[in-house]
Amino acid sequence: MLEVSNLTKSFSDLTVLDGFDLKVKRGRFTTLVGASGCGKSTFFDVLTGVVPRDAGDIVWMGEDVPNLGKKAAYMQQKDLLLPWLSLIDNALLPARIAKRDNGAREKGLSLFNRLGLDGFEDYLPRKVSGGMRQRCALVRTLMFEHDLVLLDEPLSALDAITRRSLQSLLLLLQSEFNKTILMITHDVEEALLLADEVLVLRAFPMTVCESFVLDTPKPRRGDDPDILKIKEHILQVLESEHLNGSASFENRDSESGVGDIL
Amino acid sequence: MKKSTLISLTLIMTVLAVWEMACRFFEVPDFILPAPVQIVTVVLVQAPIILPHAAVTALEIILGIFLSLLVALPLATVMFVRPSIGKALSPFLVVSQAIPVFALAPLLVIWLGYGIASKVLMAAIIIFFPITVSLLEGYRDCGDEYVMFFRLMGAGFWDALRLLYWPWALPFFFAGLKVGVTVATIGAVIGEWVGAQMGLGYLMIQANARLKVDMVFAAILWLSVMGLSLWAFVGFLEKKIITWK
């Protein structure tokens, strides 16, 4: 179980997180949905220790930890494959750095097989498509051998078809490898198709304004009436949050005089 | 043949043809400006005299390159890893290039003698600067997300240097090395002008004193061939090593 409590982070006069709380059960797929700039990525940066937190606690599997940097696998929108390494060498990077040689290559090769990268092991990243690169990044994420996986919009740069196939792979990641997944996404439908719980976020400071627990079995269909209903509701919430956010920004600007200048 | 190569060859042939015709037409004496055919004749006929000198200069340049690499690689790495050391060393690095090599050459000959050591050091002083600066720039260019990702993977300094920074900086390093090897001849030849017993610079000074301008041109031709060959060799290495570009 991941438990985040009272997490606080400010950048000069901008408070992004102010006593943010979150609980994620082990083996669950949780998605965070929110408007751009609401602080989702900052939250991940604070979680992983990339950015130091001002206050708050992070507890993973009952252990109070300074951050999840060495406890969680992290995958971003950008695949971050090293262009000079072959796909398999890129995928094996976490094992190589952790000096885990025992069976790492076999595991990597077997994952390549499962994710349809068979035969492309020795290709350089520039020689393959964006979808294949992202699949390779997914194998690399699995090679971390951490139970917790943090995904920061991992599919947002992909086309619709590749995206759909990778969504299935993310489900596989959860079901077959029993990972606890916390994913940031802009795509409400994607969140609803993949997650066990969807948290809708409000900005400045970031708070959970609504949450939806989804018990329907996976894989789900985007045209399922229940999914469509929740999707519509979340979009309305996000839209109103976006309008409120814009209004509050305008107020901030006029208070500071910036609005007058602009 | 590539279009660019064809253009270069045409340009060179045109210049040589105009030069040759001008020398013949105006009957320019050999001790003022020898014609290209005369220079090539000297290169071929006087090869037994020129080659030992060319070999010495080539050795000085190659040793200079190795010496500069020996200094530049750790220096750039230390300057990158410890920015405070980098800042402290930067003025010295600039001064090393601000002082004209002509001013340093007599001193180096006094300190290291008339042998190849002073010339090797002269060449190294000229080469190490572009290599150091380029490599440092390459290290600094490394993408922040990659650095962060390596940190999240728990990579130590050596892992990050070996797997991330060094390959990232390689194209920069080769750019610096290309500049370095082409100017390396300057250092070696200046050293030889000031005081030497062998080398193309020494041969040029001797030939110049005897008004054998064709021999001076023959030495220049050899130096150009050396510079071009080194540049092409580094380019070849770059293509072999940097396969991901």
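A:Cys136 accordingly takes part in none, and the nearest cysteine sulfur, belonging to B:Cys142, lies 18 Å away. A:Cys136 is buried, with a relative accessible area of 0%, and B:Cys23 is likewise buried, at 7%; here buried means under 20% relative accessible area, exposed over 50%, and partly exposed in between (1.4 Å probe, protein chains only). The model is a predicted one, in which local features need pLDDT of at least 70 and side-chain atom pairs count only at pLDDT 80 or more, whereas totals for chains, interfaces and linings use all residues. Residues are numbered from 1 along each chain as its sequence is written, chains are lettered from A and ligands numbered from 1 in the order in which they are written, and side-chain values use heavy atoms, with hydrogens and water left out.

In chain A, strand β3 (residues 29-33) is mostly covered, five of its five residues being buried; helices (H or I, at least four residues) and strands (E, at least two) are DSSP runs numbered from the N terminus. The cover extends to both faces of β3(A), with A:Phe29, A:Thr31 and A:Val33 buried on one side and A:Thr30 and A:Leu32 buried on the other. Strand β3(A) pairs in the parallel sense with β8 (residues 180-185) of chain A over five bridges and, also in the parallel sense, with β9 (residues 197-202) of chain A over four bridges, where pairing requires that DSSP find at least two bridges between two strands. A:Thr31 has A:Met183 as its bridge partner in β8(A) and A:Val198 as its bridge partner in β9(A).

Between the chains, 18 residues of chain B are in contact (heavy atoms within 4.5 Å) with 21 residues of chain A. The buried area, defined as the accessible area (1.4 Å probe) that two parts lose on being put together, summed over both, is about 1,900 Å² for chain B and chain A, and carbon and sulfur atoms give 72% of it. Of the area that chain B buries against chain A, 35% is supplied by B:Phe149, B:Leu152 and B:Trp244, more than by any other three residues.

Two salt bridges are found across this interface, each requiring a side-chain nitrogen of Lys or Arg within 4 Å of a carboxyl oxygen of Asp or Glu; in one salt bridge, the side chains of A:Lys78 and B:Glu145 meet at 3.1 Å, N to O. On the side of chain B that touches chain A, the elements giving two or more residues are α7 (144-152) and α8 (157-194) of chain B.

Technical notes: Disulfide = S-S within 2.5 Å.
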